[in-house]
Amino acid sequence: MTRASDDVIIKALARLLMPFIVAYALYVVMHGHHSPGGGFQGGVILAAGFVLLVVTHGLEQTRKRMSEKLAGVISSIGVFIYGGIGALCLILGGNYLDYGKLSKILLVTPAEARSLGILGVEIGVALAVMAVMYIIFFAIFTAGESPEDDGRAE
Amino acid sequence: MLVKDVISILFMLAGFFFFTTATLGLLRLPDFYARLHATGKGDTLAVLLSLVGLAVYHGFSLTSAKIVFIAVFMFLAQPTATHAISRAAFRCQIQPWTVAKGREK
Amino acid sequence: MTQFFLFVGVGMCALVLLCLYRATYGPTVLNRAAGISAIGTKTLIILLLMGVIYDRIDMFIDISMVYALLNFIGCVVLAKYLETTGEVSC
Amino acid sequence: MEVTLLLEATENAFRILQRAREHAVGVLDTAVEFTAEETRYCDEKRCRALFTGAQRKKTQIHNFVGTSIILFAFWMLLSGKFDAFHLGLGAICCTLVAYLFHDLLFANVRVGDMRIVTARFIAYIPWLIEQIVLANIHVASLVLRPKMPIDPQIIEFKTKLETDISCVTLANSITLTPGTITIDIKDGVYYVHALSQKVADDLNAGEMEDRVAHIFMEADHLYVQDVLDAARIYQTLRV
């Protein structure tokens with residue numbers, strides 16, 4: 001899809017900026033409870049970083065770091081983390097996503113448990129959003145023809 | 001009024017002046033490539049000057065370090081974005097405006 | 001001092017309106033891309049000025065960093081798309 | 001009569017046998033030589049594979065550690081919270097990112113000459129900023145004059161720079177200096193859009209290219225660091 005053209009400048013810039021973009025996205029996710037941002041925004045920035053990598057370095061380089069299958073697994077894990085924390089609060093006798101009740105199993109005060117619970121939910125949301133955006137972009141970019149599916153289709 | 005404020009105001013005004021010239025260039029120049037001259041150079045320096053002005057006003061702290069980081073990022077990214085757009089035009093065989101072409105019209 | 005930043009911000013908004021002319025009526029899609037890129041850099045400064053005026057610059061600086069990042073990525077992706085499809089004359 | 005014939009026949013047979021023996025010895029000798037050659041070749045190949053493997057492993061570890069340290073500094077700049085919980089989160093995140101992207105940040109960089117390159121690059125920046133200010137004054141004077149005196153043209157020139165990063169520095173510097181933007185790079189040929197004849201001539205003089213080549217040490221002692229690295233690794237392998 002992407003030609004092996006010699007776009008040295010954009011490639012080199014993407015190479016330099018890519019680790020910083022991903023680190024910044026993780027910062028947005030992890031500090032969601034006392035600065036703007038949170039799971040959804042952080043996940044979108046993560047996915048934007050991967051989009052930049054696909055556009056500049058081609059599909060193969062990106063597949064080496066994260067394949068579509070792994071992205072599918074990660075999206076399920078993200079939803080599971082979110083739902084799991086909510087259900088755990090239900091089991092411990094509170095409402096759905098009532099983080100204060102988590103203090104019984106985390107052995108901390110309810111305030112700290114609330115902070116940790118929000119952090120966990122945000123990580124789950126970020127993983128799910130990132131993986132789903134990544135899958136959507138791959139489906140558009142390859143026009144639905146993934147080479148991983150070739151063996152099964154025939 | 002403090003010395004810091006005066007320096008900050010000077011930087012901001014210089015940045016605003018270069019933003020204005022960049023915008024006028026974007027509107028007035030005759031051709032796509034020539035317009036990129038205005039935005040690619042003008043916006044880089046204007047953002048740099050404005051960010052330095054804000055950092056001076058805010059004083060020395062972690063926030064001004066972040067502002068300097070944005071300045072470095074813009075310094076790298078703005079010429080690259082300009083190059084990306086102009087390369088797309090060049091690969092699609094769009095010819096630049098020349099004086100001879102301007103006279104014909 | 002706050003008033004000065006307010007005036008600069010208002011002037012910047014006027015410049016954004018001027019750029020919007022290029023982004024709307026630009027003869028081809030490439031001119032629109034250049035105009036939108038210019039609007040992005042001005043918006044970055046407007047966000048920081050808002051942060052100074054509301055005294056919440058530690059919050060607005062994260063937003064403006066994301067804005068700069070997405071402006072750059074959007075520009076590169078748009079250029080790549082136009083280059084691949086070759087539909088630049090509309 | 002019969003005895004002489006018999007003697008001659010025996011002598012002939014002996015001579016043939018002798019020749020056959022010499023031939024066989026020759027064949028064996030060449031075979032032995034070939035085998036020795038083969039073994040030496042195999043040894044060399046294995047040695048070289050070991051050497052490159054060790055070198056790659058070493059650069060990978062260097063890259064991983066360097067990326068993690070730089071990202072952790074970046075994280076502390078962003079976070080601004082220095083308690084154990086947030087620093088721990090930062091360490092985990094930075095290690096993860098460095099594991100995923102360790103080959104991106106430092107591709108084609110030798111560790112030894114990093115310091116000189118950084119120092120020269122920092123010395124290059126003030127000149128660049130001066131050029132940017134000149135460029136903006138140029139654009140402003142063009143735009144504010146009612147009749148814009150421009151004569152745009154595309155010029156091409158071939159560069160002598162080799163590595164990616166120096167090409168990128170030259171291209172972005174061209175974009176930021178008065179009257180020129182880089183449009184394309186194809187096989188080392190730069191296509192530059194210039195606003196007037198004068199700036200095009202300035203660019204063809206090649207002052208900036210020499211400066212960039214000086215920063216990334218492309219003109220002088222390019223291969224000294226390679227030789228030093230190789231000598232050190234060979235020594236450790238031999239002991």
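Modeller: Start with the elements: helices are DSSP runs of at least four residues, strands are runs of at least two, and both are numbered from the N terminus. Bear in mind throughout that this is a predicted model.

Colleague: How many helices and how many strands are there in chain A?

Modeller: Chain A has six helices and zero strands. Read from the N terminus on, its elements run α-α-α-α-α-α. Of its 154 residues, 42% count as buried. Among contacts in chain A with a separation of 6 or more, 63% join residues 24 or more positions apart.

Colleague: Where in chain A is confidence lowest, and where is it highest?

Modeller: pLDDT is the predictor's confidence in each residue, from 0 to 100. The average for chain A is 81, and 89% of the residues score at least 70. The lowest confidence in chain A is in helix H6 (residues 150-153), with a mean of 46, and the highest is in helix H3 (residues 68-91), at 89.

Colleague: Now the contacts between chains. Which pair of chains has the most contacts?

Modeller: In general, the size of an interface is often given as the accessible area lost when the parts come together. Here we count contacts instead. Five pairs of chains touch, and the most contacts are between chains B and C. In that pair, 37 residues of chain C are in contact with 35 residues of chain B. On the chain C side, helix H1 (2-25), helix H2 (29-54) and helix H3 (57-85) each give two or more residues. H2(C) supplies the largest share, 13 residues. By type, the chain C side divides into 26 nonpolar, seven polar and four charged residues. Chains C and D, by contrast, do not touch, and their nearest C-alpha atoms are 9 Å apart.

Colleague: What does the domain assignment give for chain D?

Modeller: It gives domain 1 (1-107) and domain 2 (114-215). The centres of these two domains of chain D, taken over C-alpha atoms, are separated by 44 Å.

Colleague: Which residues of H3(D) are buried, and what do they pack against?

Modeller: The buried residues are D:Ile132, D:Ala135, D:Asn136, D:Val139, D:Leu142 and D:Val143. They pack against helix H1 (3-28) and helix H2 (32-58) of chain B, together with helix H4 (164-176) of chain D.

Notes. Residues are numbered from 1 along each chain as its sequence is written. Chains are lettered from A and ligands numbered from 1 in the order in which they are written. This is a predicted model: local features need pLDDT of at least 70, side-chain atom pairs count only at pLDDT 80 or more; totals for chains, interfaces and linings use all residues. Two residues are in contact if their C-beta atoms, placed from the backbone, lie within 7 Å. Ala, Val, Leu, Ile, Met, Phe, Trp, Tyr, Cys and Pro count as nonpolar, Asp, Glu, Lys and Arg as charged, and the others, Gly among them, as polar. Domain bounds come from an automatic or database domain assignment. A residue is buried if 20 or more other C-beta atoms lie within 10 Å of its own, exposed if 12 or fewer, and partly exposed in between; C-beta atoms are placed from the backbone.
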